[in-house]
Amino acid sequence: MELTAKNKSFSKKEWQLFQYVLNQQAEVCSMSIRELADTTKTSSTTVLRFCRKFDCEGF
């Protein structure tokens with residue numbers, strides 16, 4: 001998945017996720033949705049919504 005903020009509309013929480021994923025790519029690959037949500041102080045629903053913005057079918 002190519003991560004680029006170009007033409008994306010992020011909420012404040014989604015922007016936090018974007019920054020974290022961008023800076024911690026290797027770590028994120030082995031995390032569960034719940035772990036990522038807890039680490040970024042977001043919800044699992046926010047993580048899934050964020051993933052859909054990049055045309056992912058799931059986490």
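Reader: Where do Arg34 and Asp38 lie, and how many residues apart are they?

Author: Both sit in helix H3 (residues 33–39), 4 residues apart, about one turn of the helix. Helices here are DSSP runs (H or I, at least four residues), numbered from the N terminus. Before we go on: this is a predicted model, where local features need pLDDT of at least 70 and side-chain atom pairs count only at pLDDT 80 or more, while totals for chains, interfaces and linings use all residues. Residues are numbered from 1 along each chain as its sequence is written, and side-chain values use heavy atoms, leaving out hydrogens and water.

Reader: What do the side chains of Arg34 and Asp38 meet in?

Author: Here's the general idea: side chains of opposite charge can pair when their charged atoms come close. A salt bridge is a side-chain nitrogen of Lys or Arg within 4 Å of a carboxyl oxygen of Asp or Glu. Arg34 and Asp38 meet in one, at 2.9 Å from N to O.

Reader: How many salt bridges does the structure hold?

Author: It holds 3. Another one joins Arg49 to Glu14, with the closest N and O atoms 3.2 Å apart. Arg49 is in helix H4 (residues 44–52) and Glu14 in helix H1 (residues 12–23), so this pair ties together parts 35 residues apart in sequence. Glu14 also forms a salt bridge with Lys53, at 2.8 Å between the closest N and O atoms. So Glu14, Arg49 and Lys53 are linked in a network of salt bridges.

Reader: Is Glu14 buried or exposed?

Author: Buried means under 20% relative accessible area, exposed over 50%, and partly exposed in between (1.4 Å probe, protein chains only). Glu14 is at 2%, so it counts as buried, whereas Arg49, at 36%, is partly exposed.

Note on methods
Helices (H or I, at least four residues) and strands (E, at least two) are DSSP runs, numbered from the N terminus.
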